Amino acid sequence: MKYVISIILSLVIIVLVSVGTFSWMQKQGFFDTAVSSGDAVTYTDLSNRSEDAPESEAEPVHQLPPEAQDNRYEEFEATNGTFDRVKASSYADWQGTKGLPSWAFDADANTTWQDGAKDSYGEGEWFLSYNADGSTRTISSVTVYNGYQDLKYNNDAQNFYQLNSRVQDVMLEFDDGSVYVFTLQDSPEAQTFTFDEPIETCYVKFTVESVYQGKWSDTCLSEIVYR
Ligand SMILES: [Ca+2]
């Protein structure tokens, strides 16, 4: 029994001495790292890195803009090729007047989009063209049929092309961040603009920057064709 008590006491003393020594060494800075005060510690957060993330020659990321998922803008089918969906910032839909966004993308120059902004001529209104499956297309040019083209409303007795407003300056945006601007003539003739290099993109955003003002503030576009 005496031996057992001695062993226990010895162990307690050893533990107390060890703890005391450790505390003293800690206070003396024995365990401090070699970083001197004032050095900034930097680290790389790996939590968002995927295993197969490309290193240097990264593939371009083709991502639709937020408007494509924004339910405030109605989605329409586009049937004139290249992209199969279109949204617009506004469109006319009131008594006696209708101008759906899809009518500027239906391969028919006699059907027409009209802007839905009641207190402006439609400056800043836009179309977003994309595919339902998010896939890309390679675009070399854009052809625009400006204004209200329907021949049955454009005759000697009346001229809806002149009465409505037409688009003047246009801005085009692509998913790689590139931006193109061009100026349309005030003419119902087809007008084509060709890019220096074809652009692979999952969307094109077409924004009306300025207009040729008609008697009415409704700005019209009869067809926009990306090829
Ligand atoms: Ca049309």
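Student: How many bridges join strand β7 to strand β14, and in which sense do the two run?

Tutor: Strands here are DSSP runs of E with at least two residues, numbered from the N terminus, and two strands pair if DSSP finds at least two bridges between them. In this case β7 (residues 137–146) and β14 (residues 220–226) run antiparallel and are joined by 5 bridges; Tyr-145, for instance, has Glu-223 in β14 as its bridge partner. Please keep in mind that this is a predicted model, in which local features need pLDDT of at least 70 and side-chain atom pairs count only at pLDDT 80 or more, while totals for chains, interfaces and linings use all residues. Residues are numbered from 1 along each chain as its sequence is written.

Student: Is Pro-198 buried, exposed or partly exposed?

Tutor: A residue is buried if 20 or more other C-beta atoms, placed from the backbone, lie within 10 Å of its own, exposed if 12 or fewer do, and partly exposed in between. Pro-198, which lies in strand β11 (residues 191–201), counts as partly exposed because it has 13 C-beta neighbours inside 10 Å. Residues are in contact if their C-beta atoms, placed from the backbone, lie within 7 Å, and, leaving aside residues up to four places away in sequence, Pro-198 touches Thr-138, Ile-139 and Ser-140.

Student: What is the order of the sheet that has 6 strands?

Tutor: The order of this open sheet is β1-β2-β6-β12-β9-β10, with antiparallel pairing, and its edge strands, β1 (76–77) and β10 (179–183), each pair on one side only. Strand β9 (residues 169–174) pairs with β10 over 5 bridges, Asp-169 standing opposite Thr-183 and Met-171 opposite Val-181. These two strands form a hairpin with 4 residues between them, and Gly-177 in the turn has a positive phi of about 90 degrees.

Student: Which residues touch the most other members of the largest nonpolar core?

Tutor: In soluble globular proteins, nonpolar side chains tend to be buried together. A nonpolar core is a set of buried Ala, Val, Leu, Ile, Met, Phe, Trp, Tyr and Cys residues joined through C-beta atoms within 7 Å. Here the largest has 35 residues, of which Val-86, Ala-104, Trp-113, Phe-127, Leu-221 and Ile-224 touch the most other members. Strands β7 and β14 are among the elements that each supply at least two residues of this core.

Notes: Two residues are in contact if their C-beta atoms, placed from the backbone, lie within 7 Å.
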